[in-house]
Amino acid sequence: AMAMAVAGGSAQAQPAAAEQVRIRVASFNASLFGSQAGELAGRLRGRQDEQIRRVAAVIQAVRPDVLLVNEFDYDGSGRAAQDFMFNYLMRRQFGLDAIRYRYHHVAPVNTGVDSPFDLNRDGERGGPGDAWGFGAFPGQYGMLVLSRYPIDRGRQRSFRLFKWKDMPGALLPVHPSGQAWYSDTMLRWLPLASKSIWDVPVWTPAGHLHLLASHPTPPVFDGEEGRNSRRNHDEIRFLADYVSGDPERAAYIYDDEGRTGGLAADDHFVVAGDLNADPNDGHSHPGAIGQLLAHPRIQATPVPASAGGPESAHRLGGGNLTHRGDPAHDTAVFGDPPGNLRVDYVLPSTGLRVVDAGVYWPLSGDAGAHLLDASDHRLVWIDLELELPPEQPRRRPRGPRGRRVRSPAG
């Protein structure tokens with residue numbers, strides 16, 4: 001279904017149709033995190049872990065070409081990602097065909113990395129709440145990008161070290177007493193990203209497609225100061241500024257290598273991730289996700305939807321029955337409050353043709369419903385049809401050691 005296709009002609013004489021390539025891009029918070037360092041890596045070494053099998057099966061059912069996995073613990077050795085691919089994705093799960101990703105990207109995140117400060121102001125230093133990003137150990141709730149197309153290593157960027165204070169007009173939290181929540185010394189080191197923010201350029205046959213991967217902090221677990229909801233808002237704002245195509249708007253941005261600025265106005269991109277912000281319900285800062293959904297460089301429609309979301313909202317009841325948002329657009333099942341929410345996104349840039357979209361959330365009686373126990377989130381996907389200009393020869397990107405890369409199929 002994902003193989004390259006040539007647009008058909010018509011009965012009348014027409015100019016040669018441009019060649020098309022169809023690519024499925026997805027985001028999945030897979031909840032593959034452990035309670036201590038190395039726990040997930042240990043589970044991945046075997047092949048019988050039930051949760052991991054279900055996560056792999058969801059991916060095999062949807063078969064994305066480019067996928068961001070949120071909440072996949074970072075392993076500095078890189079073995080965890082390899083074991084996930086070899087021991088689970090490349091083996092049939094629950095009767096579904098195996099899937100192979102030739103390229104992947106992992107990198108450090110801020111979660112669980114100790115700060116020397118009492119960031120949550122509970123009178124003690126240390127622990128998950130005083131890490132640069134909430135976490136019990138370095139790398140917890142990390143990210144993983146899987147791709148069936150080559151990743152342009154020379155152009156990828158990470159913004160893990162960007163300081164929150166360096167964003168003009170940042171919504172830095174204020175203590176109810178009127179004092180700044182974070183001291184100047186804290187702000188000198190406090191990063192904006194609770195995990196990280198990545199620009200991962202994927203080289204498709206139609207050119208570069210920038211996958212903008214992130215997982216902003218949940219806008220809860222704080223107090224009147226709103227330190228988490230404000231951070232969530234500004235992590236999303238960073239993405240909005242980065243993709244604006246406006247050099248002045250993105251001038252403040254710098255990456256972990258010291259390079260400045262954002263994407264060019266003609267760059268194609270997809271913003272992907274568990275952004276922890278619902279446009280209508282929940283506890284996010286006002287307008288947080290609207291910074292992307294109303295962005296002139298982003299296509300907010302069609303909205304990925306499912307049949308299982310409304311069924312779940314009706315079954316669980318509670319706050320779901322008073323939500324303003326369409327439950328067909330929900331992507332996660334949370335306790336009540338807040339109930340089910342739309343927090344996971346795959347948002348393409350304008351100029352890209354979206355031909356399909358969905359949330360993997362089958363009805364309770366349908367095939368695949370048993371896989372939903374894999375995570376409290378649902379995989380979200382879009383299909384893009386990218387045009388290869390007729391005058392441009394069809395050249396497939398070269399893989400490692402100059403080998404040509406096969407077109408994704410199936």
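**Exercise 1. Is helix α2 largely enclosed by the rest of the structure or largely open, and why?**

The model is predicted: local features need pLDDT of at least 70, side-chain atom pairs count only at pLDDT 80 or more, and totals for chains, interfaces and linings use all residues. Residues are numbered from 1 along each chain as its sequence is written, and side-chain values use heavy atoms, without hydrogens or water.

Step 1. Helices are DSSP runs of H or I with at least four residues, strands runs of E with at least two, numbered from the N terminus. Buried means under 20% relative accessible area, exposed over 50%, partly exposed in between (1.4 Å probe, protein chains only).

Step 2. Apply them. Of the 13 residues of α2, 10 are buried, so the helix is largely enclosed by the rest of the structure. Among them are I52, R53 and R54.

Step 3. Find the partners. The buried residues pack against β2 (19-32), α1 (39-45), β3 (66-72), α3 (79-89) and β12 (380-388); contact means heavy atoms within 4.5 Å.

**Exercise 2. Compare the positive phi values of R63 and F94.**

Step 1. R63 follows α2, in the loop between α2 and β3. Its phi is about 60°, although R63 is not a glycine. R63 counts as buried because its relative accessibility is 16%.

Step 2. F94 lies in the loop between α3 and β4 (103-105). Its phi is about 55°, and F94 is not a glycine either. At 31% relative accessibility, F94 counts as partly exposed.
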